[in-house]
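We will go from stop to stop, with something to select at each one.

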Amino acid sequence: MISWDDFTKVEIRTGTIMEVSDFPNARKPAYRLKIDFGENGIKQSSAQITHHYSKESLINKQIIAVINFPPKQIANFFSECLVLGVYDENNQVILVCPDKQTLNGQLIG
């Protein structure tokens with residue numbers, strides 16, 4: 001169990017995917033994403049979402065991510081946020097997304 005104070009330390013915010021590129025150096029199929037978090041800046045992330053999403057379908061898609069983890073090196077790339085998703089029955093990621101458009105950088109709580 002975690003406390004409410006522990007939960008409030010995690011910055012989960014909305015962002016919009018601006019750019020998507022292949023990530024051939026990743027161990028598992030993944031994309032490199034550039035995401036706009038409004039006043040919180042533009043951050044990059046690696047996401048293993050190639051099974052359910054084409055690069056084109058991700059442009060301008062609003063997602064939810066944790067933005068206050070330290071950068072994590074994945075191969076030759078530094079991921080600056082964790083895009084949230086749910087694993088389907090085949091262990092493929094489905095993105096967690098707001099069902100209505102919000103401002104980029106809105107805090108989830």
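Start with the largest pocket, which has a volume of about 840 Å³. A pocket here is found on a 1 Å grid over the protein atoms alone: it is an open set of points where a 1.4 Å probe fits, with protein on both sides within 12 Å along at least five of seven lines, and lining residues have an atom within 4 Å of a point. Grid points are joined across faces, edges and corners, and the volume is the space filled by probe spheres set on the points.

Before going on, note that this is a predicted model, where local features need pLDDT of at least 70 and side-chain atom pairs count only at pLDDT 80 or more, while totals for chains, interfaces and linings use all residues. Residues are numbered from 1 along each chain as its sequence is written, and side-chain values use heavy atoms, with hydrogens and water left out.

**Stop 1: the pocket lining**

Select Ser46, Ala47, Gln48, Ile74 and Leu82: of the 29 lining residues, these lie nearest the centre of the largest pocket. Colour by element next, and you will find that β3, β5 (72-74), β7, β8 (85-87) and β9 (93-95) each give two or more residues to this lining. Strands are DSSP runs of E with at least two residues, helices are runs of H or I with at least four, and both are numbered from the N terminus. The largest share of the lining, 3 residues, comes from β3. By class, the lining has 15 nonpolar, 10 polar and 4 charged residues. In this count Ala, Val, Leu, Ile, Met, Phe, Trp, Tyr, Cys and Pro are nonpolar, Asp, Glu, Lys and Arg are charged, and the others, Gly among them, are polar.

**Stop 2: the open sheet**

Now show the cartoon and follow the 5 strands of an open sheet in the order β3-β2-β1-β4-β7, paired antiparallel. Its edge strands are β3 (42-47) and β7 (82-83), each pairing on one side only. Two strands pair if DSSP finds at least two bridges between them.

Pick β2 (residues 31-36), which is joined to antiparallel β3 by 6 bridges. Two bridges to display are Arg32 with Ser46 and Leu33 with Ser45. On its other pairing, β2 meets β1 (residues 12-22), also antiparallel over 6 bridges, with Tyr31 of β2 as the bridge partner of Asp22.

Which residues of β2 are on the covered face, and which on the uncovered one? Tyr31, Leu33 and Ile35 make up the covered face, while Arg32, Lys34 and Asp36 make up the uncovered one. Then look between the strands of the β2 and β3 hairpin: there are 5 residues there, and Gly38 takes a positive phi near 60 degrees.

**Stop 3: Ser79**

Select Ser79 in strand β6 (residues 77-79). Is Ser79 buried or exposed? Ser79 counts as buried because its relative accessibility is 8%; buried means under 20% relative accessible area, exposed over 50%, and partly exposed in between, with a 1.4 Å probe and protein chains only. Its side chain makes a polar contact of 3.4 Å with the side chain of Ser45, and also reaches the backbone oxygen of Cys81 at 3.2 Å. A polar contact is a pair of N or O atoms within 3.5 Å; within protein, one must be able to donate a hydrogen and the other to accept it, and residues adjacent in sequence count only if both atoms are side-chain atoms.

**Stop 4**

Go to Ile63 in strand β4 (residues 62-66), which is buried, with a relative accessible area of 0%.

Next select Thr16 in β1, which is buried at 10% relative accessible area. A polar contact of 2.6 Å joins its side chain to that of Asn104.

**Stop 5: two loop asparagines**

Finish with Asn60, in the loop between α2 (55-58) and β4. Its phi is positive, near 70 degrees, in a residue other than glycine, and Asn60 counts as exposed at 59% relative accessibility. Then select Asn91, in the loop between β8 and β9. Asn91 has a positive phi of about 65 degrees although it is not a glycine, and it counts as exposed at 54%.
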